[in-house]
Amino acid sequence: MDFNSSNSGSGGGDHTQGSEDKTCLLPESSASDLNKLGAAPCRRANYCTNGMRYKLLQEGDIQVCVIRHPRTFLSKILTSKFLRRWEPHHLTLAHNSLASATPAGYMENAISYSAIEDVQLLSWENAPKYCLQLTIPGGTVLLQAANSYLRDQWFHSLQWKKKIYKYKKVLSNPSRWEVVLKEIRTLVDMALFSPLQDDSIHQAPLEIVSKLLSENLKLTTQEHENIIVEIAPLLENNHPPPDLCEFFCKHCRERPRSMVVIEVFTPVVQRILKHNMDFGKCPRLRLFTQEYILALNELNAGMEVVKKFIHSMHGPTGQCPHPRVLPNLVAVCLAAIYSCYEEFINSRDNSPSLKEIRNGCQQQCDRKPNMPLRLLHSSPGLVSQEVNSDARMKTIIVNSTEIHVELGRSNMVNQKLKGSTSSSSTSTSTCTHSSSSSSSSNSDSEPSLIDCLLVSPTCSTMVIELSSQAERVLGCYVEILKMLSDYDDWRPALASLLQPIPFPKEALAHVKFTKELKYVIQRFAEDPRQEVHSCLLSVRAGKDGWFQLYSPGGVACDDDGELFASMVRVCNNVHILMGSCYKTKKFLLSLAENKLGPCMLLALRGNQTMVEILCLMLEYNIIDNNDTQLQIISTLESTDVGKKMYEQLCDRQRELKELQRKGGPTRLTLPSKSTDADLARLLSSGSFGNLENLSLAFTNVTSACAEQLIKLPSLKQLNLWSTQFGDAGLRVLSEHLTSLQVLNLCETPVTDAGLLALSSMRSLCSLNMNSTKLSADTYEDLKTKLPNLKEVDVRYTEAW
């Protein structure tokens with residue numbers, strides 16, 4: 001049957017433009033071969049040059065009349081147009097037949113698409129309006145629609161269903177692949193130029209070809225490429241089906257240097273990365289993207305080609321216009337990195353592999369036995385020997401298929417500094433204090449690899465050796481993470497995606513991986529934006545973050561604390577004075593509990609950031625133990641920069657004592673338009689130990705003045721009406737002025753982020769949040785957590 005005749009109605013638009021679009025991804029030779037194999041532009045789509053488009057019908061109401069072919073004079077009279085009877089039916093266009101919802105009368109039996117010889121519009125004179133004719137053996141079926149648009153919609157839908165049914169039959173039993181290739185080309189052209197607009201129009205041919213490929217696995221490489229080239233135009237605007245993704249993955253693995261990978265797969269992968277919303281619903285799309293990137297890495301230029309591809313996905317401007325590209329790329333990278341350690345993970349926890357998940361999990365009895373984790377327990381005898389003498393390096397090798405785990409024994413023992421009477425030991429031994437020593441309480445259960453690293457004082461290194469192929473995959477995708485971190489607009493979202501540390505424990509124990517990933521963490525640490533470097537901290541309490549992993553004593557630390565200092569130093573570069581995370585008590589307490597040793601060691605070596613950290617710990621009374629305080633003071637006085645900062649701290653402490661000395665006014669109001677500097681100058685002029693009521697209303701103070709406000713020990717009432725005091729200042733006040741009773745924040749730029757911090761100020765009795773960005777949820781949370789709150793003003797807010 002000629003699918004391009006005037007009666008078929010297939011096609012639409014400018015065919016010349018369509019041909020150019022189709023062959024733009026192919027070499028010139030392929031394009032010329034395509035034209036030789038039967039392209040006939042002059043026969044295309046005469047019916048739909050008017051540009052009308054229709055939705056594919058699945059069901060609908062229509063009038064039906066069946067006329068049997070007359071054989072006698074009497075039958076001719078009975079079938080004349082004057083005696084015809086029309087029946088209303090609700091017809092359904094199923095996959096293989098045309099059926100009625102009420103099988104009776106003319107439509108008692110469904111009409112198979114294979115029985116329909118032709119579908120055409122009635123064109124003879126005096127024909128009923130809006131009719132189309134279905135020719136079947138022994139008669140004709142007439143369908144009459146309500147208007148011309150519905151008639152044409154039924155016409156094209158029936159044509160499409162009939163042809164798709166035919167191609168499913170033809171391509172289900174292929175005989176000669178030359179004929180199959182020609183049929184695929186015709187099928188693709190039919191889909192490209194159909195006037196029907198529906199997702200299934202392009203998806204149905206792809207599913208037919210996908211089924212064809214899955215049932216014929218012994219195709220040659222050339223036949224593979226020919227089929228891929230033929231279906232390429234359909235892939236430009238449609239995701240490939242799962243089976244077709246498997247076929248593409250196989251081609252990328254077997255022929256990574258094929259031109260098909262570059263010229264056909266590139267736009268397909270670009271569309272997946274730009275428009276895919278969830279790889280969980282179709283994991284084979286992610287697998288295809290993963291194999292495609294690995295194929296690019298196999299080219300002569302290697303990572304340069306991958307880098308150009310990543311740049312093309314980002315775009316030439318400073319802002320990527322496609323918000324889904326970065327999450328999809330990160331998802332691909334995480335899955336690829338996980339696959340490098342998959343065999344080892346499965347042997348450890350007996351969980352199904354990604355391949356098993358795709359193909360259906362194997363039976364429990366067929367899985368590999370657990371890895372003997374008992375080898376990872378440290379021997380008490382070895383520990384005692386290493387503590388008492390200089391023990392030699394000992395190793396334990398755990399073999400698991402392609403992976404070898406080497407645990408190095410070290411002679412460094414953890415020590416607790418805070419509250420310890422033996423804290424006067426050297427800073428070098430103190431440096432080994434680990435943030436996760438508290439996890440050693442559960443000694444009865446089998447530990448994970450990282451738990452063994454963090455808990456056991458004898459396990460300082462873990463070396464994982466992967467196969468050569470896994471090394472290539474790991475190197476490629478870690479490099480991609482590095483590339484992603486180089487884009488300024490992507491860095492905040494990338495930091496947020498990586499903040500929960502979404503890597504397997506084996507990866508974090510792999511020296512090569514953590515060493516390569518260090519570049520990404522360094523980029524986060526160097527970024528001055530708070531939403532970036534704040535992601536280095538843990539995502540929730542009780543869970544380690546990148547800050548802990550890359551600090552001295554952490555699993556991933558391979559230096560003497562340079563990266564650790566860089567992660568803290570970035571806070572010092574933030575222009576909002578009190579927005580620095582390390583100037584909060586909570587952060588300083590965490591450092592004092594877990595990282596005091598590394599901080600003292602770096603300060604001893606002259607690191608200015610660590611010197612400032614130690615000074616702040618002393619200033620905010622973070623350290624309770626006198627011996628530890630004396631050791632910090634000795635550390636500060638051992639360097640010039642430390643001695644200078646400690647002297648400045650002593651001066652500030654003397655000024656603070658003078659400020660807090662009893663005396664002075666109990667109420668104070670600053671003139672309007674006063675600034676932070678004016679407030680600091682005023683408070684440094686005398687004693688304000690009795691100041692209970694301070695009004696800064698209608699002044700120009702900002703969050704920076706919080707550093708002065710927290711020095712007022714008797715402050716009970718604070719008025720910040722119509723100032724620029726923001727969230728950063730509120731967080732500082734909530735940590736230091738816990739006895740504040742009255743707070744006026746009317747018409748200030750505070751938001752939920754800062755207002756939530758007020759939940760720690762249990763003494764608040766009166767709170768004015770009029771005309772702020774308070775939300776209803778935050779308001780309910782504050783009412784729950786502030787039991788003494790009696791007067792609240794939330795007018796002109798969302799909670800009002």
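This is a predicted model: local features need pLDDT of at least 70, side-chain atom pairs count only at pLDDT 80 or more; totals for chains, interfaces and linings use all residues.
1. Just after α11, G315 takes a positive phi of about 100°.

2. The buried residues in α11 are V306, F309, I310, M313 and H314. Seen down the axis of α11, these buried residues fall within an arc of 140°, so they line one face of the helix. An α-helix has 3.6 residues a turn, so residues three or four places apart point the same way. Among the elements that cover the buried residues of α11 are α9 (259-275), α10 (283-297), α12 (325-340) and α18 (468-485).

3. The count of aromatic pairs comes to 14. One of them joins W546 and Y550, whose ring centres are 6.1 Å apart and whose planes meet at 40°, so the pair is tilted. W546 counts as buried, because its relative accessibility is 1%, and Y550 likewise counts as buried at 1%. Elsewhere, ring pairs link F247, F248, F265 and F288 into a cluster.

4. Charged side chains also lie over aromatic rings: R85 is placed over the face of Y106, at 4.9 Å from the ring centre, and K166 lies over the face of Y167, at 5.0 Å from the ring centre.

5. The structure holds 24 salt bridges. In one of them D486 pairs with R523, with the closest N and O atoms 3.3 Å apart. D486 belongs to the loop between α18 and α19 (491-498), while R523 is in helix α21 (residues 511-526), so the pair ties together parts that are 37 residues apart in sequence. D486 is partly exposed at 35% relative accessibility, and R523 is partly exposed with a relative accessible area of 22%.

6. R491 forms a salt bridge with D527, and here the closest N and O atoms are 2.7 Å apart. Because R491 lies in helix α19 and D527 in the loop between α21 and α22 (530-533), the pair ties together parts that are 36 residues apart in sequence. R491 is buried, with a relative accessible area of 5%, and D527 is buried as well, at 3%. Both residues belong to a network of salt bridges that links D488, R491, D527 and R529.

7. A further salt bridge joins the side chains of K785 and D781, at 3.5 Å from N to O. These residues are four apart in helix α34 (residues 776-785), and are therefore separated by about one helical turn. K785 counts as partly exposed at 34% relative accessibility, and D781 counts as partly exposed at 24%.

Key
Residues are numbered from 1 along each chain as its sequence is written. Side-chain values use heavy atoms; hydrogens and water are left out. Buried means under 20% relative accessible area, exposed over 50%, partly exposed in between (1.4 Å probe, protein chains only). Helices (H or I, at least four residues) and strands (E, at least two) are DSSP runs, numbered from the N terminus. The arc is that of the directions from the helix axis to the C-beta atoms. Contact means heavy atoms within 4.5 Å. Rings of Phe, Tyr and Trp (its six-membered ring) pair if their centres lie within 6.5 Å; planes under 30 degrees apart count as stacked, over 60 as edge-to-face and the rest as tilted. A charge sits over a ring if NZ of Lys or CZ of Arg is within 6 Å of the ring centre and within 35 degrees of the ring normal. A salt bridge is a side-chain nitrogen of Lys or Arg within 4 Å of a carboxyl oxygen of Asp or Glu.
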